[in-house]
Amino acid sequence: MRMYLLALNPTDSVTEGFLPAAARLGLDVTLLTDQPDAHRSVYPEIEILECDVRDFRAVVTRISTHHRPDGVFTNSDHLQTQAALAADYFGLSGKDWWVTLRTKDKAEMRRHLTSVGADTVWSTEVSDLAGLAASDVPYPCVVKPREGVASEDVVLVDGPEELVARCTEIRSRRPGAALVVEEYLPGELYTLETLGDGHIRHVLGGFHTRVSPPPYFIEEGLTFVAAHPKPVVDQVLAQLDALGVGFGACHTEFVVHEGRARIIEVNYRAIGDQCDLLLARLLEIPLFEHILRTHLGERLPADLGARRDGVARLEYPCAESAGTLIAAPAASELTADGVRLTYRPLRSVGERHDVYRTNRDFLGVLRAMGTDQEAVDKAVAEFLAGQRWEIQR
């Protein structure tokens with residue numbers, strides 16, 4: 001069977017997750033990308049074709065002039081609608097393109113949730129900055145790119161002058177990018193990870209996310225939550241149902257305040273930043289195979305057989321200043337007091353970077369798994385205390 005995989009940048013999810021899963025399923029994979037050289041250096045054994053993957057018409061043409069597809073899949077935030085349209089064109093299983101569009105477009109997501117009575121959040125797209133500053137914006141508010149990812153250029157704003165300044169600053173980095181201003185939703189930040197086939201939906205658990213102090217929202221660490229309170233899960237699932245989300249993997253970020261759960265954003269794909277790799281190991285399920293199977297038209301089992309006694313935590317050492325990384329720990333795997341630790345560097349020694357106020361500031365990722373939260377937290381603290389990351393300005 002032939003699976004077409006759409007991708008932009010090479011990712012750990014593809015390298016350690018989806019490609020090995022595809023091999024175990026016996027699939028012939030063809031990777032479509034607009035960066036073929038970058039992918040060939042990472043995936044030399046995979047057939048890679050150059051394609052303007054942001055254009056669904058180019059994707060359809062590239063596939064139709066190659067081999068007949070049995071599945072079209074992507075785990076990229078930016079390519080969900082293109083993959084959905086291509087799968088629909090060839091009569092294959094996939095997500096509904098209008099759902100991928102309304103979840104990717106943060107302004108449209110707010111409008112839709114309001115129109116069906118699922119939730120109402122004050123939100124507007126930025127057009128005239130002067131008019132926006134004079135309008136009835138609720139402060140504090142949040143400015144974000146309408147179709148952004150990874151908290152990049154997401155910032156908390158306290159007043160009209162700062163709002164204009166922040167929007168101007170973001171547009172200087174993103175010429176022509178559409179921006180959204182919406183009310184700030186207070187509360188603790190969590191995620192809900194789901195997997196469905198259009199008939200059945202499994203809740204895999206979620207994470208409690210620790211973010212940096214305002215005005216930015218950098219995800220510094222996550223702690224696994226095996227089961228959120230049922231009223232919270234029910235509220236989030238009701239909002240996902242209102243959006244039409246139910247096929248394949250979905251990573252939903254939400255806040256809980258005084259018992260009320262409100263969606264921050266919906267990423268209609270598997271969670272990234274190596275959390276998906278941790279989930280597969282922690283739950284002891286073939287997560288990536290399940291995801292690919294749904295895109296081949298197969299039904300999910302009624303019971304995934306997931307292990308439910310595990311605890312886990314991820315930490316992301318971050319660069320706090322621009323400069324060249326001159327010292328950092330190497331990749332490592334070890335077990336300490338029953339806790340399995342996996343560290344992977346995300347930047348190479350010798351690389352120079354600016355500060356982005358997003359996950360692009362991550363220097364590495366530490367995954368820790370065990371069956372006792374106190375032991376996991378202790379092992380994480382001891383590991384991080386024994387490492388050194390040095391940046392030369």
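The model is predicted, so local features require pLDDT of at least 70 and side-chain atom pairs count only at pLDDT 80 or more, while totals for chains, interfaces and linings use all residues. Residues are numbered from 1 along each chain as its sequence is written, and side-chain values use heavy atoms, with hydrogens and water left out. Helices (H or I, at least four residues) and strands (E, at least two) are DSSP runs, numbered from the N terminus.

**Helix α1**
- Helix α1 covers residues 12-24 and spans 17 Å from its first C-alpha to its last, close to the expected 18 Å (1.5 Å times one less than its number of residues).
- At Phe18, shortly before Pro20, the helix has a kink of about 30 degrees, the bend being the angle between axes fitted to the seven residues ending there and the seven starting there.
- Gly26, with a positive phi near 75 degrees, follows α1.

**Burial**
- Among the buried residues of α1 are Val14, Phe18 and Leu19; buried means under 20% relative accessible area with a 1.4 Å probe, protein chains only.
- The cover over the buried residues of α1 includes β1, β2, β4, α10 and α11, where contact means heavy atoms within 4.5 Å.
- In β1, six of six residues are buried, with Arg2, Tyr4 and Leu6 on one side and Met3, Leu5 and Ala7 on the other.

**Strand pairing**
- β1 pairs with β2 in the parallel sense over six bridges; pairing requires at least two DSSP bridges between two strands.
- Leu6 has Leu32 of β2 as its bridge partner.
- β4 runs parallel to β1, joined by four bridges, and its Val72 stands opposite Tyr4.

How values were computed: Buried < 20%, exposed > 50% of the residue type's maximum accessible area, 1.4 Å probe, protein only.
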